[in-house]
Amino acid sequence: MAPPAQANDPTQTSRGRVQLGKGTTFLPGKKDPLIQPLIDHVLEHGYVILPNIYTREQVDMANAELARLETLQSAGPAAQGGRNSFEGLNTKRIYALVDKSTAFYDFPIHDTVWKLNEYFLQPHFLMTSYHSVVIEPGEKEQLIHTDDGLIPLPRPRPLMGIGTMVALDDFTAENGATTLIPGSHLWDDERKPTREEMVKAIMPAGSMVYFLNTVWHSGGANIQNTRRRSLTVQYCQPWIRATENMTISMGWDNDLDQVPKRLLSLMGFSTHEFMGHIDGRAPRTGVEMRKKRLVEWAKGQEISNTGNSKL
């Protein structure tokens, strides 16, 4: 799984919270004794590999759907390649997978993953991101980062979420396997990551690497002549959201051009860095696309009903 991390015993803090080294605090939740070894590994190393938790049928169906979606304009703005070095200029991503195919329904809700989340996250945790990551031959190593890097809180900081990578191809040392630094969830802000400390999450297709979002990690370089297909499912605490869901509560019959720009921004029709996007696009663009899709669907239904009435 991983080489030994620096020695660390979880320290109980006030109100039942646990502090891991100098890096992470969290409020432990429901613990299933059947996954205690997995929990222990995450507590020590910050991550754990879950081998072969998905069936060959699930993996094959997901790969087939990704191949189909890549041919469609509706696949999204990063389906043919990333738009910046962080997405990966030679990495393809399709966002909003749940909206695009039922083939992707089962991956985020696997029982073992759910039980791990029940321990590390608070009840009613959310899925904050779910998209494909296809690393093409020649892609370079991604910038080393943590998934909570845009949250300006000092370490030790509360655990905001969980990151995962689902292997749809075997993850190897040469094809861009995700790389992580074991034990980096224990670090304070002064400790900086280096490539030399990273280990590769080598695992067969159908496996998942599960990690706290305080762990330093990156996508690997693909030096082979074949692509590396995967999914990333990311979860967050239930309280990381607005009290009232303004973007959904705004009726689609409203003309957003009549709403002051500042007010639209306050309502969530805005992004912080890339957080808050819809299908890889600005929220306003995503909403307008869905309004258009709904109108086209309604017209299709009307034509269908008209045709049936003539039979």
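# Salt bridges, sheets and cores

Asp111 and Lys115 sit 4 residues apart in helix 4, so about one helical turn separates them. Their side chains meet in a salt bridge (3.1 Å, N to O). A salt bridge here is a side-chain nitrogen of Lys or Arg within 4 Å of a carboxyl oxygen of Asp or Glu. Helices (H or I, at least four residues) and strands (E, at least two) are DSSP runs, numbered from the N terminus.

The model is predicted: local features need pLDDT of at least 70, side-chain atom pairs count only at pLDDT 80 or more, and totals for chains, interfaces and linings use all residues. Residues are numbered from 1 along each chain as its sequence is written, and side-chain values use heavy atoms, leaving out hydrogens and water.

## Charged pairs

The structure holds 12 salt bridges by this rule. The table lists some of them.

| Pair | N to O distance |
|---|---|
| Arg68 and Glu65 | 2.9 Å |
| Asp111 and Lys115 | 3.1 Å |
| Asp148 and Arg157 | 2.6 Å |

How exposed are these residues? Buried means under 20% relative accessible area, exposed over 50%, and partly exposed in between (1.4 Å probe, protein chains only). Asp111 is partly exposed at 45%. Arg68 is partly exposed, with 36% relative accessibility. Glu65 is buried, at 17%. Asp148 and Arg157 are both buried. Shared partners also link Glu70, Lys92, Glu136 and Arg227 into one salt-bridge network.

Where does strand 12 lie, enclosed or open? It is largely enclosed by the rest of the structure, because 5 of its 5 residues are buried. Both faces are covered. Met208, Tyr210 and Leu212 are buried on one side, Val209 and Phe211 on the other. In a regular strand, side chains alternate between the two faces of the sheet.

Two strands count as paired if DSSP finds at least two bridges between them. Strand 4 runs antiparallel to strand 12, joined by 4 bridges. Strand 9 is also antiparallel to strand 12, over 5 bridges. Met208 of strand 12 stands opposite Leu50. Val166 stands opposite Met208 too.

## Two nonpolar cores

A nonpolar core is a set of buried Ala, Val, Leu, Ile, Met, Phe, Trp, Tyr and Cys residues joined through side-chain atoms within 4.5 Å. The largest core has 54 residues. Leu50, Phe120, Val209, Tyr210 and Leu231 have the most contacts inside it. Several elements supply at least two residues each, among them helix 1 (36-45), helix 2 (56-70), helix 4 (111-120), strand 4 (47-50), strand 9 (161-167) and strand 14 (230-236). Strand 12 gives the most, with 5 residues.

Tyr210 shows how these elements meet. Residues count as in contact when heavy atoms lie within 4.5 Å. Leaving aside residues up to four places away in sequence, Tyr210 touches residues including Val42, Gly46, Leu50, Val113, Phe120 and Ile162. A second, separate core of 7 residues includes Met250, Leu256, Met267 and Phe269.

## Helix 1

Which residues of helix 1 are buried? They are Leu38, Ile39, His41, Val42, Leu43 and His45. These buried residues pack against strand 2, strand 3, strand 4, helix 4 and strand 12. Gly46 follows helix 1 and has a positive phi, near 95°.

4 strands make an open sheet in the order 1-2-3-8, with mixed pairing. Strand 1 (11-12) and strand 8 (157-158) stand at the edges with a single partner strand each, so one side of each has no neighbour in the sheet. Strand 2 (residues 18-20) and strand 3 (residues 24-26) pair antiparallel over 3 bridges. Gln19 has Thr25 in strand 3 as its bridge partner.

## A nonpolar surface patch

Phe86, Leu143, Leu150, Phe274 and Met275 form a nonpolar patch on the surface. Together they have about 450 Å² of accessible area, computed by the Shrake-Rupley method with a 1.4 Å probe, where for residues only the protein chains shown count as cover. Patches are made of residues with over 30% relative accessible area and no salt bridge; like charges are joined within 9 Å, and nonpolar side chains (Val, Leu, Ile, Met, Phe, Trp, Tyr) within 5 Å. Leu143 lies in the loop between strand 7 (134-135) and strand 8. Leu143 is exposed, at 58% relative accessible area.
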